Amino acid sequence: MEDGLLVRSDPTTERGRALHKPSGDVFHLLGQLLSKYTTRELKMPGDYIFAMAGVCRRLADYAQCSLLFGIPVPALDWFLLFYPNQSGLIRRDSFPSWAWSGWYGQVDYNNGTGNVTKWTAVNTWITWYKREPSGDVALVCDKAESRTSRANQLFGDLCDVARTEPSEGVLSEPTGQRYTVLQCWTITANFTLRKIDRDEAGKPMWSYRIYWTPTTYEVLGNDSVSCGFITLDNPASTSDDGKRVELMLLSLLAAKSEADGAGCRFFWVLVIEWEKNIAERKGIGQIRRDALPSALNSSISWKEITLA
């Protein structure tokens with residue numbers, strides 16, 4: 001997926017014209033193509049991985065950037081925000097859970113229409129590293145200094161956010177790692193979940209700009225304060241009311257009128273579960289920015305994450 005496959009698209013078709021001479025934001029275009037193409041049911045479920053590899057490679061060449069499992073590296077934070085449709089997603093174990101290629105089913109990139117590069121510049125704080133199966137560790141992008149500053153602005157009054165580099169012994173035990181994992185430091189916090197039906201979710205979820213699915217839950221903090229909503233990826237996943245989950249904060253959600261991130265009211269979050277010091281994505285959602293103090297038992301922490 002890093003190098004992709006050669007594509008000879010027909011310039012007389014809609015997709016062919018888009019790939020030969022992209023207009024607008026290339027990263028948004030790729031998100032739209034992924035949202036469309038992953039709805040297809042192919043004879044071999046893995047076929048769309050190889051078909052989309054070429055599309056990703058062509059657009060990455062146009063943007064003059066590299067790929068990581070089908071994700072353009074400069075827009076990594078944005079491409080982590082794929083949302084499952086009503087049918088949910090099924091895990092593809094040969095690829096990481098943080099990438100669209102790690103799932104069967106439609107991935108939805110409905111993250112607004114703004115410029116992805118500008119969004120990344122003002123709404124992210126995570127300094128990402130990648131760890132190869134060989135154990136080699138490298139910085140994913142070279143904007144660590146500005147991201148560290150933003151993390152301090154957002155969370156410096158809650159906890160110490162000075163650490164950003166991976167710890168040496170974080171994967172000291174054998175893990176059977178078969179692909180690149182991401183490593184980072186970010187805020188995590190614990191909340192509980194409450195099942196919510198479509199009618200109940202409608203109006204409250206509208207302001208979050210995400211939609212209800214059969215695996216959507218309300219996120220509750222101390223004293224059952226409503227803090228946001230999450231959707232579990234796997235349609236077979238269920239959660240009893242009151243179950244505690246760990247949420248990993250990813251980025252700010254900024255509307256067009258909130259381009260600098262200062263007025264943004266929500267965080268994008270991942271639901272994560274751990275096994276042998278490695279976390280996997282289990283769902284995605286949003287919580288209110290002012291909800292962090294409501295986390296269970298003051299569980300807010302600046303935590304090292306290895307995301308497979």
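A residue counts as partly exposed when its relative accessible area falls between the buried range, under 20%, and the exposed range, over 50%. In this predicted model, Ala121 is partly exposed, because its relative accessible area is 43%. Ala121 belongs to helix α5. Its C-alpha atom is separated by 9.9 Å from that of Pro74, a residue 47 positions away along the chain.

**Overall architecture**

The protein has 308 residues, of which 55% count as buried. Its secondary structure consists of seven helices and 15 strands. When contacts between residues at least 6 apart in sequence are considered, 68% of them join residues at least 24 apart. The accessible surface amounts to about 14,500 Å², and carbon and sulfur atoms account for 49% of that area.

**Aromatic pairs**

A pair of aromatic rings is described by the distance of the centres and the angle of the planes. The count for this protein comes to 13 aromatic pairs. Two of them are set out below.

| Pair | Centre to centre | Angle between planes | Class |
|---|---|---|---|
| Trp78 and Tyr109 | 5.3 Å | 15° | stacked |
| Phe155 and Phe267 | 5.7 Å | 35° | tilted |

The pair of Trp78 and Tyr109 links distant parts of the chain, 31 residues apart. Trp78 is placed in helix α4 (residues 76-79), whereas Tyr109 is in the loop between β6 (107-108) and α5 (116-123). Both Trp78 and Tyr109 are buried.

What does the pair of Phe155 and Phe267 tie together? Phe155 lies in helix α6 (residues 144-155) and Phe267 in strand β13 (residues 266-275), so their pairing ties together parts that are 112 residues apart in sequence. Phe155 and Phe267 are also buried.

**Charges over rings**

Two arginine residues are placed over aromatic rings. The charged end of Arg91 sits over the ring of Trp103, at 5.6 Å from the ring centre. Arg92 lies over the face of Tyr104, and here the distance to the ring centre is 3.9 Å.

Rolling a probe the size of a water molecule over the atoms shows where empty space is left. In this protein the count comes to one cavity of 30 Å³ or more. The largest cavity has a volume of about 50 Å³. Which residues line the largest cavity? Its lining is formed by Leu81, Tyr83, Asp108, Asn110, Asn111, Arg209, Ile210, Tyr211 and Trp268.

**Backbone with positive phi**

Most residues other than glycine have a negative phi, and most peptide bonds are trans. Ser224 is not a glycine, yet its phi is positive, at about 60°. This serine lies in the loop between β10 (216-220) and β11 (226-232). Is Ser224 buried or exposed? Ser224 is exposed, because its relative accessible area of 54% is over the 50% cut-off.

Lys276 likewise has a positive phi, near 55°, in a residue other than glycine. The position of Lys276 is in the loop between β13 and β14 (278-288). With a relative accessibility of 51%, Lys276 counts as exposed.

Note on methods: Residues numbered from 1 in each chain as written. Predicted model: local features only at pLDDT ≥ 70, side-chain atom pairs only at ≥ 80, totals over all residues. Heavy atoms only, no water. Phe/Tyr/Trp six-rings, centres within 6.5 Å; stacked < 30°, edge-to-face > 60°. Helix = DSSP H or I, 4+ residues; strand = E, 2+ residues; numbered from the N terminus. Buried < 20%, exposed > 50% of the residue type's maximum accessible area, 1.4 Å probe, protein only. Lys NZ or Arg CZ within 6 Å of the ring centre and 35° of its normal. Contact = heavy atoms within 4.5 Å. Areas by Shrake-Rupley, 256 points an atom, 1.4 Å probe, with all protein chains shown as cover. 1 Å grid on protein atoms, 1.4 Å probe; cavity = no way out; pocket = protein on both sides within 12 Å on 5 of 7 lines; lining within 4 Å. Points joined across faces, edges and corners; volume = space filled by probe spheres on them.
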